[in-house]
Amino acid sequence: MASCANEENKIVIKKDWYQSESQVIIGILGKHTSKEDCIVQFKKDEVNVQAILATGQPYTLNLKLSRSIAPEFSSFKVLPSKLEMRLAKTEGGMWDVLEKTVVKPKPSTINLRNWDKVVDDMTKDEEDSDVNTLFKKIYSDGSDEVRKAMNKSFMESGGTVLSTNWKDVGKDKVDIKPPEGMEWKKWDE
């Protein structure tokens, strides 16, 4: 059983509904004066009711139906304890809900971001923390001897040593020094 507040007179209107394969029956609970005091309009996807209760209070009820009905085959009658409406379904089957649920969109708070700035910040952080960037800077800012030492030590050690001291590197061949716990093997072995 559902109830809804009537906005005109601030009264609570209780309604109940059930269904069969071919029709939906809606009952508006409460004594009504007569069929002449009840105006019911059946439309394809809504039902509008304007009526007066036995207490003399008028009310209006607008139902936005979840599925369509056949208005020409729908009817209503006033019973001693309620106003009963019989809505003819256009399609057989059971309805999950009587009324459409209206979802009001929530106002969105739009945060406009400068995505170029975000990308710049991200790449700046990556560049500052990247070891390769550090080596590039040392290589580009270093003297010719530093560049020669870096190239020779890297090439002769198979990438396991990188030195900037030309005095040590220039004397002999640079030995291969794999990381601790690793073993150096040639590719073709």
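Trainee: What makes up the chain, in helices and strands?
Mentor: The chain has four helices and eight strands. The model is predicted, so local features need pLDDT of at least 70 and side-chain atom pairs count only at pLDDT 80 or more, while totals for chains, interfaces and linings use all residues. Residues are numbered from 1 along each chain as its sequence is written, and side-chain values use heavy atoms, without hydrogens and water.

Trainee: Why is α2 called oblique to α3?
Mentor: Their axes cross at roughly 135° and come within 7 Å. Axes are lines fitted to C-alpha atoms, for helices over the stretch in contact; angles run from 0 to 180 degrees between N-to-C directions. Under 35 degrees is roughly parallel, over 145 roughly antiparallel, 65 to 115 roughly perpendicular, and the rest oblique. Therefore α2 is oblique to α3.

Trainee: Which residues make that contact?
Mentor: Phe135, Ile138, Tyr139 and Ser140 of α2 meet Val146, Arg147, Met150 and Asn151 of α3. Contact means heavy atoms within 4.5 Å.

Trainee: Which residues does Met85 contact, leaving aside its neighbours within four places in sequence?
Mentor: Among them are Val24, Val40, Phe42, Ser75 and Phe76.

Technical notes:
Helices (H or I, at least four residues) and strands (E, at least two) are DSSP runs, numbered from the N terminus.
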